[in-house]
Amino acid sequence: MSLPAPRGDLAALEGYHSPQLDVDVRLNTNESPFAPPAAFVDSWLATLAAVPLHRYPDRGAGALRAAIAAHVGQPPERVFAANGSNEILQTLLLAYGGPGRRALVFEPTYALHAHIGRITGTGVVAGERTADFRISPTEAGLLIAAVRPAVVFVCSPNNPTGTVEDRATVEALLAAVLDHGSTGPRAPGLLVVDEAYGEFADFSALALVADDRPLVVSRTYSKVWSLAALRLGFCVAPAPVVADLERVVLPYHLSAATQAAGVAALAFRDEMAERVGALVAERHRLTEALGRLPGLTVHPSGANFVLVTPATDGHAVWQRMVDRGVLVRDFSRWPRLTNCLRITVGTPEENDRCITALRESLEES
Ligand code: PMP
């Protein structure tokens, strides 16, 4: 054989798949249905025109970190930015995971936590959520004591279920990670709360981040800020954790264009807050309308998507919706998500199309 073999432990690993189809209504990847405000694009392009493109970007992303810090009410030393929150998660695992260490996830949850864990050679242990997709603090505490994970991932709101964990649960997990998590003989583990959808929920762990607590909260510009194409995410973490992340991330990983966009976007927080309000209102409308459809269970969501379980073959329902020009995400064959479909909240028109397509598809079953 004239070609190299990848690392042995990658052999069983599948890439991340989120199939795209050419349909009218795409409600399958949890993006914002709105383009960013035109005034944002103008201000970003004006800044870009003045960037010295022959020079490397600001390695510490100082202006961006200061702007994010002001936005979240934390000091800039506690902010780290990267190419999407996926790169945040990867950088966390490069620093705190790796061979001989374990990451704990609570399934069903965002597949990339386990996937990036495996890519970084971290052992991945899957705990279970309760029947209503919550994390039981008692069971999680027992598991953390048994597994002694270096990193515990909590996705809240959880993708794909929409479940929001409350403050008591986050604090209980934090206590368990402090007492029983392990990144060394006397060093605790790290609790990572993935809040990619945090703006749509009524609880955020952001304010709990402090320099003496092993807690990291990650966020993204991909959803609320309508900038999925740009790839920008950030986390708020104890300052020493941010210093560790800076040690492992590639130099100049965040382009000048991305940094400038991140700063420019934050000047439009009123517009973005309005959009969050509109999407949350649409989520309520969608949840109610779908809740009236016979043969469908709608799960409570604090995100910009809603998980539903048809009483019949979910994949067949998904296909009938595609036939009607509406693409949602098919989780019907995932472990613990039998028959489930995840619907991203779109514009009112898209949501109407989705409700009709789902109603007709269920009637055909
Ligand atoms: N975390 C969660 C829970 C997500 O659903 C996503 C996007 N699908 C991400 C992180 C990654 O988002 P991005 O890399 O675009 O910031």
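Figure 1. Phe40 is buried, at a relative accessible area of 3%. The model is predicted, and side-chain atom pairs count only at pLDDT 80 or more. Trp44 is also buried, with a relative accessible area of 16%. The rings of Phe40 and Trp44 form a stacked aromatic pair, with 6.0 Å from centre to centre and 10° between the planes. Helix 1 covers residues 38-49, and the two residues stand four apart in it, so about one helical turn separates Phe40 from Trp44.

**Figure 2. The edge-to-face pair of Phe40 and Phe268.** Phe268 is buried, and its relative accessible area is 10%. The ring centres of Phe40 and Phe268 are 6.3 Å apart; because the planes meet at 90°, the pair is edge-to-face. Phe40 belongs to helix 1, whereas Phe268 lies in the loop between helix 8 (256-265) and helix 9 (269-291). The pair therefore ties together parts that are 228 residues apart in sequence. Ring pairs link Phe40, Trp44 and Phe268 into a cluster. The structure as a whole holds seven aromatic pairs, among them the stacked pair of Phe40 and Trp44.

**Figure 3. Arginine side chains over aromatic rings.** Two views are described here. In one, the charged end of Arg59 sits over the ring of Tyr252, at 5.6 Å from the ring centre. In the other, Arg342 lies over the face of Phe305, and the distance to the ring centre is 5.7 Å.

Figure 4. With sulfur atoms within 2.5 Å as the criterion for a disulfide, the count for the structure comes to zero. For Cys155, which is in no disulfide, the nearest cysteine sulfur belongs to Cys235 and is 15 Å away. Cys155 is buried, with a relative accessible area of 2%. Cys340 is likewise in no disulfide. The cysteine sulfur nearest to Cys340 is that of Cys354, at 15 Å. Cys340 counts as buried at 3% relative accessibility.

**Figure 5. Val41, a partly exposed residue of helix 1.** Val41 has its place in helix 1. At 29% relative accessibility, Val41 counts as partly exposed, whereas Phe40 is buried at 3%. Glu31 is ten residues from Val41 in sequence. In space, the C-alpha atoms of Val41 and Glu31 are 18 Å apart.

**Figure 6. The whole protein, as context for the close-up views.** The secondary structure comprises eleven helices and twelve strands. The radius of gyration is 21 Å, close to the 21 Å that the globule rule gives for 365 residues, so the protein is as compact as a globular protein of that length. The C-alpha trace spans about 55 × 55 × 55 Å along its principal axes. Of the 365 residues, 53% count as buried. Among contacts between residues at least 6 apart in sequence, 72% join residues at least 24 apart. The protein exposes about 16,000 Å², and carbon and sulfur atoms supply 56% of this area.

Key:
Residues numbered from 1 in each chain as written. Predicted model: local features only at pLDDT ≥ 70, side-chain atom pairs only at ≥ 80, totals over all residues. Heavy atoms only, no water. Phe/Tyr/Trp six-rings, centres within 6.5 Å; stacked < 30°, edge-to-face > 60°. Buried < 20%, exposed > 50% of the residue type's maximum accessible area, 1.4 Å probe, protein only. Lys NZ or Arg CZ within 6 Å of the ring centre and 35° of its normal. Rg over C-alpha atoms; globule rule 2.2 N^0.38 Å. Contact = heavy atoms within 4.5 Å. Areas by Shrake-Rupley, 256 points an atom, 1.4 Å probe, with all protein chains shown as cover.
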